[in-house]
Amino acid sequence: MLYISTRGKGEGVSASQAVLSSLAGDGGLYVPKVIPTFSYSRIQSMQHKPYEEQAYQVIAPYLQDMGEKDLKESLARAYRPGKFSDPNIAPLKKAKENLFVLELWHGPTAAFKDMALQLLPHLMNSAKKKEGEKRQSLILVATSGDTGKAALEGFKDVEKTRVLVFFPEDGVSELQKRQMVSQKGDNVRVIGVKGNFDDAQKGVKKIFSDPSLGGIMEQAGYMFSSANSINWGRLMPQMVYYFTAYAQLLRQGAIRDGETFNVVVPTGNFGNILAGYYARKMGLPIHRLICASNANRVLADFINTGKYDIRRDFIKTMSPSMDILVSSNLERLLYDISEQDAEEVSDWMSSLQRKRHYQIGGDMLKKIQRTFYGGCADEEDTRKAIRELFAKTGYLMDPHTAVGYHVYQDYVKDCGNERCTVLLSTASPFKFPASVMKALKPDGIFCRKDEFALLKELRNESKQEIPLNLLSLEERQVLHDQTCSPDNMGEMVRELLVDNNE
Ligand SMILES: *Cc1c(COP(=O)(O)O)cnc(C)c1O
């Protein structure tokens with residue numbers, strides 16, 4: 001199994017090399033040359049297997065160079081009992097007729113990033129072993145809120161690895177921030193960036209391609225890696241739960257053999273939903289992938305018009321992990337839909353960089369629309385979704401999931417409701433207590449209360465338990481208080497490498 005760059009330059013690399021280097025040398029993203037496919041009977045036979053084994057089945061064909069033993073051990077460590085608070089890892093719950101919610105937030109940080117970031121460090125270590133790589137890893141993370149903490153939890157105290165997280169200082173919730181700045185571990189550093197997520201992501205990409213930093217890093221005995229979803233190693237573990245969702249639909253008798261289903265995905269950087277696209281290509285009977293954007297509706301507009309246009313204001317919403325204008329992983333979709341036309345992909349990407357927009361052709365757009373439905377929810381839509389589903393069914397959603405629920409309702413209005421649909425729930429409602437309380441009680445006065453007080457109010461209001469990792473947060477000390485401007489991110493890396501060398 002070879003991996004190639006979406007921009008078409010350079011040789012194919014092995015899976016291990018793709019996982020270690022994150023970004024291809026020409027600035028493109030690594031993709032497998034061919035997507036493996038499963039027969040329906042193979043997919044069907046997965047339904048009674050535990051999560052770990054389903055994960056092995058899905059991931060192994062992508063990691064042929066890694067070896068069965070290494071992958072099985074990595075999976076056992078990532079998903080071992082106790083890491084996730086639910087024995088199903090990603091349990092599927094019925095919300096109402098024909099709508100099921102796949103809860104992806106039972107891991108250590110209460111958001112779906114754990115699904116991949118509990119596994120990625122082990123995959124990287126196996127890859128290093130495989131490649132005879134002796135250098136230490138410097139994991140650079142730009143986070144819109146949840147990746148940072150999930151990467152810190154996944155990589156803390158992993159040997160020969162350091163983690164540097166950049167988060168938009170005023171772009172994350174109070175709880176998200178406390179989760180990150182209280183992180184323990186000898187190998188971690190967390191820095192607030194005076195800018196938004198796009199600034200932080202751009203800064204990290206720049207660091208990756210800065211030759212002078214490359215030299216310093218080489219001298220210090222380090223190599224850069226990324227824990228963002230530009231890294232192929234993030235996407236494989238995310239394909240798994242699309243299969244486990246289907247397995248649970250079958251087990252629960254919600255769907256008949258061979259019947260197709262829809263999946264709604266609250267989307268930001270297009271990583272989660274892209275994993276669903278690959279799962280569909282592998283043979284999983286997904287009918288439509290419903291792409292749900294918040295008020296930063298670049299993706300929804302793109303799916304509806306074929307025009308990707310970031311000449312607009314960046315809006316701070318109550319679903320901060322989706323506050324993104326430049327969705328990196330869309331590049332991988334374009335590459336696949338254009339039948340691996342690297343030249344065209346390069347043109348679109350350079351147009352995006354120079355002119356801040358690009359337009360795909362009509363045939364491409366039709367192909368995308370056959371698989372994807374795009375919709376969006378503004379802030380009021382999101383609040384209303386939380387309030388109404390809770391009032392009707394008792395099911396409580398976080399704001400990201402609620403964006404998905406709103407778009408699901410639009411989809412049903414447009415396309416009907418004869419098919420079973422799975423809504424991916426990407427965070428625990430308790431991770432965003434201020435927004436959720438405000439949604440449940442529009443007339444309540446919460447502005448003077450901090451999020452820790454609201455956490456407890458939400459518990460009382462919903463009569464549901466606060467995840468333990470969030471409950472203990474209030475007592476945690478702030479250990480990281482450094483900030484920098486987007487232009488200074490490279491300097492921060494330099495400092496860390498030089499400090500470390502002394
Ligand atoms: C990261 C994140 C998303 C967006 O996922 P992408 O893979 O970037 O599309 C949605 N919801 C939550 C809670 C997240 O943390």
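# Pockets, sheets and cavities in a predicted model

Lining the largest pocket are 35 residues, with Arg 7, Lys 202, Lys 205, Val 326 and Gln 353 lying nearest its centre. Please keep in mind as you read that the model is predicted.

**The largest pocket**

- The volume of the largest pocket is about 900 Å³.
- Helix H9 (197-208), helix H14 (330-337) and helix H15 (342-355) are the elements that each give two or more residues to the lining of this pocket.
- H9 gives the most to that lining, with seven residues.
- By residue type, the lining of the largest pocket splits into 14 nonpolar, 10 polar and 11 charged residues.

**The second largest pocket**

- The second largest pocket has a volume of about 590 Å³.
- Its lining is made of 34 residues, and the closest to its centre are Gly 107, Pro 108, Pro 467, Leu 468 and Asn 469.
- Two or more residues of the lining come from each of helix H7 (146-155) and helix H21 (468-471).
- The lining of the second largest pocket holds 12 nonpolar, 12 polar and 10 charged residues.

**Cavities**

- The count comes to three cavities of 30 Å³ or more.
- About 260 Å³ is the volume of the largest cavity.
- Around the largest cavity there are 26 lining residues, of which Phe 112, Lys 113, Gly 268, Asn 269 and Ser 321 lie nearest its centre.
- The elements with two or more residues in this lining are H7, helix H11 (232-251), strand S9 (261-266) and helix H12 (271-282).
- H12 gives the most to the lining of the largest cavity, with three residues.
- The lining of the largest cavity divides into 10 nonpolar, 13 polar and three charged residues.
- The second largest cavity holds about 50 Å³ of space.
- If you want to find the second largest cavity in the structure, look for its lining residues: Ala 142, Gln 201, Val 204, Lys 205, Ser 226, Asn 228, Ile 230 and Ser 328.
- H9 gives the most to the lining of the second largest cavity, with three residues.
- In that lining, three residues are nonpolar, four are polar and one is charged.

**The five-stranded sheet**

- Five strands form an open sheet in the order S8-S5-S6-S7-S15, and their pairing is parallel.
- At the edges are strand S8 (222-226) and strand S15 (482-484), each of which pairs on one side only.
- From one strand to the next, the twist averages 30 degrees.
- Within this sheet, strand S6 (residues 161-168) runs parallel to strand S7 (residues 188-193), and six bridges join the two.
- Pro 168 stands opposite Val 193 in S7.
- H7 lies across strand S5 (136-142), S6 and S7, and runs at about 165 degrees to S6.

**The six-stranded sheet**

- Another open sheet has six strands in the order S3-S4-S14-S9-S10-S13, with mixed pairing.
- Strand S3 (92-96) and strand S13 (372-376) stand at its edges with a single partner strand each, so one side of each is left without a neighbour in the sheet.
- The twist in this sheet averages 25 degrees from one strand to the next.
- Strand S4 (residues 99-103) pairs with strand S14 (residues 421-425) in the parallel sense, over five bridges.
- Leu 99 stands opposite Thr 421 in S14.
- H12 packs on the sheet and touches S9, strand S10 (286-293), S13 and S14. The direction of H12 makes about 170 degrees with that of S10.

**Aromatic pairs**

- The structure holds 19 aromatic pairs.
- One of them joins Phe 302 and Tyr 358 in an edge-to-face arrangement, at 6.2 Å centre to centre and with 65 degrees between the planes.
- This pair links distant parts of the chain, with Phe 302 in helix H13 (residues 298-305) and Tyr 358 in strand S12 (residues 357-359), 56 residues apart.
- Why is the pair called edge-to-face? Planes over 60 degrees apart count as edge-to-face, and these planes are 65 degrees apart.

Methods: Residues are numbered from 1 along each chain as its sequence is written. This is a predicted model: local features need pLDDT of at least 70, side-chain atom pairs count only at pLDDT 80 or more; totals for chains, interfaces and linings use all residues. Side-chain values use heavy atoms; hydrogens and water are left out. On a 1 Å grid over the protein atoms alone, a cavity is a set of points where a 1.4 Å probe fits but cannot get out, and a pocket is an open set with protein on both sides within 12 Å along at least five of seven lines; lining residues have an atom within 4 Å of a point. Grid points are joined across faces, edges and corners, and a volume is the space filled by probe spheres set on the points. Helices (H or I, at least four residues) and strands (E, at least two) are DSSP runs, numbered from the N terminus. Ala, Val, Leu, Ile, Met, Phe, Trp, Tyr, Cys and Pro count as nonpolar, Asp, Glu, Lys and Arg as charged, and the others, Gly among them, as polar. Two strands pair if DSSP finds at least two bridges between them. Axes are lines fitted to C-alpha atoms, for helices over the stretch in contact, and angles run from 0 to 180 degrees between N-to-C directions. Contact means heavy atoms within 4.5 Å. Rings of Phe, Tyr and Trp (its six-membered ring) pair if their centres lie within 6.5 Å; planes under 30 degrees apart count as stacked, over 60 as edge-to-face and the rest as tilted.
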